[in-house]
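Me: Can you walk me through some helix packing here? I'd like the conventions spelled out as we go.

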Amino acid sequence: MQDAHEWKEPLGRLVRRHRDPVVVQALRSAAAASVAYVIALHLSPEPRPLTAPLTALLVVQVTLYSTLTTGIRRVNSVVAGVLVAIAFSLLVGLTWWSLALLIVASLAVGHLVRVDEFVPEVAISAMLVLGVTSVGDTAWARIVETLIGAVVGLGCNLLLAPPVWVDEAGESIEGLARRVRQLMLRVGEEAAGRTPVEQAAARLHEARRLDHDIVEVDAALRQAEDSLRLNPRVREGLLHRVVLRTGLDTLEICTVVLRVITRTLTDLAKEREPEPLFPPETGAVVEKLLSEVADAVVSFAILVTTHVSVNAESAEERLTAELRQAAATRDKLAQLLLEEIQRDARQWQLFGAVLTEVNRIIDELDTEHRSHRLLEELDRCSREQRERSPLLTWLRERLGGRVPRRQRRNRKATARRSL
């Protein structure tokens, strides 16, 4: 039994490694480039048609949606560059000044045909074609190889479904929530004692640095959103996109409010130095309240990533209980702050600001508030999709009969369960 367990453990790691999106993407890219090269050897007049595997490698992006859009733009850029090279070869040939004019003209044409990030590819294609003797044969070969690479890249994503990056986006969101929690715990511990102004200002800078973390999480989420579009392995892709996006929006609001809290505490430290920020009993309640809110932030992130988390059901119950407890602690803090203000009203604005800001986070994490916002966002996205593609929507409803209405009901029910 022990030998079987030792044999299964590395096998399980190997299977998990092969399912890793990075590994899957590398294997798909290598396969697409190899197939494109083999096909180009038979169809292209060039002895080494490397343009075909290069195009396939660039076209096979991490998502099917980006592959479709990238393939079209890349083919357009290569064809435009070849046409510019043919025109220059017939008019002026290759000289140092014609090369400069060729680059300027190619870049201008690239912007005109809207190939976006492939604008330099227009100039590269033009220079490669213009630099050979038999322009006609080389131009035709380059177009053929580009088309082969683009078709193979598209076919690879259709036959081998690209990886879905939802797991990575969920891990990024949970990682952001845990970083927010750690900072909130440190702020609460320091608020319960005597906090120097420099220490409070350091926490403010840490809160500001969370903006960089949000940018990284947003990039991971955009990649996940693209991987859900047009992916045959994904059902209810719109729901997954909206759940993750609205969840990140809520966490972003929480980070902004946390930054305001650290700013308020920094101002309070300046006003009360060398005294503690709060009286001992009030400071202990502030620490407890921030600790409870910090735990609720992590539970919210786990709940948002419910389709990638095995702890979703317990996270919902835990979040509800933590918010209820945080609300009770908030009410206790409000009473203590009121009594403190009645004794000494010098910093009543800052005391009130701390209470208001913590209350804002509690309201943002509320499940009822999120459920209402999520359903509104689903309706808005569905409406925009119908307005953008009315013909596709009409065909879908005609072919599906009553299915779309049932799917809408199921989508809303799934949205409520995910909360």
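Reply: Axes are lines fitted to C-alpha atoms, for helices over the stretch in contact, and angles run from 0 to 180 degrees between N-to-C directions; helices are DSSP runs (H or I, at least four residues) numbered from the N terminus. This is a predicted model, where local features need pLDDT of at least 70, side-chain atom pairs count only at pLDDT 80 or more, and totals for chains, interfaces and linings use all residues. Residues are numbered from 1 along each chain as its sequence is written, and side-chain values use heavy atoms, with hydrogens and water left out.

Me: OK, at what angle do α8 and α11 pack?
Reply: Helix α8 (residues 166–191) and helix α11 (residues 280–304) pack at about 180 degrees, with axes 8 Å apart. That makes α8 roughly antiparallel to α11 (the term covers angles over 145 degrees).

Me: Which residues make the contact?
Reply: Taking contact as heavy atoms within 4.5 Å, the residues include I173, M184 and L185 of α8 and V286, L290 and V297 of α11.

Me: Switching topic, which residues of α5 are buried?
Reply: With buried meaning under 20% relative accessible area and exposed over 50% (1.4 Å probe, protein chains only), the buried residues of α5 are S98, L102, S106 and G110. They cover an arc of only 105 degrees around the axis, which puts them on the same side of α5; the arc is that of the directions from the helix axis to the C-beta atoms.

Me: And which are exposed on the other side?
Reply: On that other side of α5, W96, V104, H111 and L112 are exposed.

Me: What does T262 touch?
Reply: T262, in helix α10 (residues 237–272), touches V187, R203, L204 and A207, not counting residues up to four places away in sequence.

Methods:
Helices (H or I, at least four residues) and strands (E, at least two) are DSSP runs, numbered from the N terminus. Angles under 35 degrees count as roughly parallel, over 145 as roughly antiparallel, 65 to 115 as roughly perpendicular and the rest as oblique.
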